[in-house]
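Let's take a walk through this fold together, starting with a sheet and ending with a pair of helices. Please keep the viewer open as you read.

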Amino acid sequence: MDEAVPTLVTGQASTNAVTDQVTTVYIWDMDETLILLKSLLDGSYAGSFDGLKDREKSIEIGKRWENLILEVCDEHFFYEQIENYNEPFLNALREYDDGKDLHSYDFEADCFSSPYDDVSKRKLAYRHRAISEKYAKVPQDLPYLALFPSKGLEKFLDQHMVKVWNDLYSLTDKYTDGWLLSAHKLLEEAIGKSGAMPTANSSGINCIVTSGSLIPSLAKCLLYRLDDVVSSENVYSSWEVGKLQCFRWIKERFDGPNIQFCVIGDGPEECSAAQVMKWPFIKIEFRPDGLHRFPGLDMPTIQNYLDAIYHQAKMVDQQHVGSVPSSNIQ
């Protein structure tokens with residue numbers, strides 16, 4: 001599949017970075033890792049607690065999330081129009097976007113449909129750009145931007161829906177013993193938004209690679225409040241291309257002399273893809289006795305995995321250098 005690799009955005013790795021600063025690209029799975037949904041819907045999350053969790057309440061919470069995600073997709077993310085045209089990331093069709101001003105563009109009247117030719121790809125690229133603009137939000141450290149039109153869910157959900165969303169988020173976090181807030185806090189720490197870890201000689205980038213289709217995954221990021229720690233350009237859908245291909249795109253996009261990668265997820269596909277890439281993999285389990293879960297997983301644990309893999313790789317490289325005949329060493 002010939003796709004354009006997305007370019008770097010503000011705050012991402014740069015070859016002009018200080019040479020001794022290490023940047024870690026954290027590659028997160030979404031479902032059953034950063035959020036819980038499938039295990040709520042099928043009752044397996046509650047079942048893992050041996051009767052201590054209300055299974056019917058779990059299923060009800062899951063269905064409410066499912067309905068809310070679908071509503072946001074259909075009402076605000078053009079999902080009924082573009083459901084059958086999944087792309088692996090929002091910038092995949094950037095070459096077809098001519099930069100047209102979309103403020104007065106009528107998406108209902110542009111006749112987006114098959115065949116999926118260059119004209120249709122341009123119309124889809126417009127929709128992707130509009131979604132990206134909706135996804136963006138006012139940074140908390142730049143409050144003066146609030147003078148301009150607000151972004152994020154607050155921009156297009158009415159007051160009633162905002163309350164429904166906030167109440168559901170709080171209910172879910174309480175039911176899962178703080179899973180959502182704990183995961184969000186760790187993503188903040190990963191990119192240096194929290195003071196829990198020193199960041200003088202390190203920086204971080206969060207990416208999400210999910211097996212779900214792209215548009216619902218972006219809606220989930222907004223609804224589960226991940227949009228302030230993961231930019232829309234860093235959300236990848238492996239629905240058709242597979243996680244290994246997404247990992248390769250991420251490596252091509254960010255790779256450099258002081259870049260390291262770490263994969264965190266719950267499934268065998270991301271585990272095997274991480275092994276192919278020779279990156280550390282941390283397995284998330286929702287069972288209460290799981291080794292790594294939320295709350296629980298922290299940055300020191302992740303750093304231990306990184307140190308183990310990258311120290312071992314460095315030792316192997318040094319051994320290779322040491323095995324070169326001295327006459328060949330300049």
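**From the sheet to a helix pair**

Start at Val 209, which stands opposite Tyr 236 in β3. Keep in mind as you look around that this is a predicted model. The strand to find next is β2, residues 202–210, which runs parallel to β3 and is joined to it by 3 bridges.

Now zoom out to the sheet as a whole. Its 5 strands form an open sheet with parallel pairing, in the order β3-β2-β1-β4-β5. At the edges you will find β3 (235–237) and β5 (281–283), each of which pairs on one side only. From one strand to the next, the twist averages 25°.

Helices pack on this sheet, too. Helix α8, residues 179–190, touches β1 (22–28) and β2, and its direction makes about 135° with that of β2. Helix α10, residues 243–254, lies across β1, β2, β3 and β4 (259–265) and runs at about 150° to β2.

Let's finish with two helices that meet each other. How are two packed helices described? By the angle between their axes and the distance between the axes. For helix α3 (residues 55–76) and helix α9 (residues 214–223), the axes come within 9 Å and cross at roughly 115°. The two helices are therefore roughly perpendicular to each other, and α3 passes α9 in a right-handed crossing.

Which residues make the contact? From α3 come Trp 65, Leu 68, Ile 69, Val 72 and Cys 73, and they meet Ile 215, Pro 216, Ala 219, Lys 220 and Leu 223 in α9. By class, this contact of α3 with α9 has 9 nonpolar residues, no polar ones and 1 charged residue.

Note on methods:
Residues numbered from 1 in each chain as written. Predicted model: local features only at pLDDT ≥ 70, side-chain atom pairs only at ≥ 80, totals over all residues. Heavy atoms only, no water. Axes fitted to C-alpha atoms, helices over the stretch in contact; angles between N-to-C directions. Helix = DSSP H or I, 4+ residues; strand = E, 2+ residues; numbered from the N terminus. Parallel < 35°, antiparallel > 145°, perpendicular 65-115°, else oblique. Left-handed = near helix turned anticlockwise from the far one by under 90°. Contact = heavy atoms within 4.5 Å. Nonpolar A, V, L, I, M, F, W, Y, C, P; charged D, E, K, R; others polar. Pairing = 2+ DSSP bridges.
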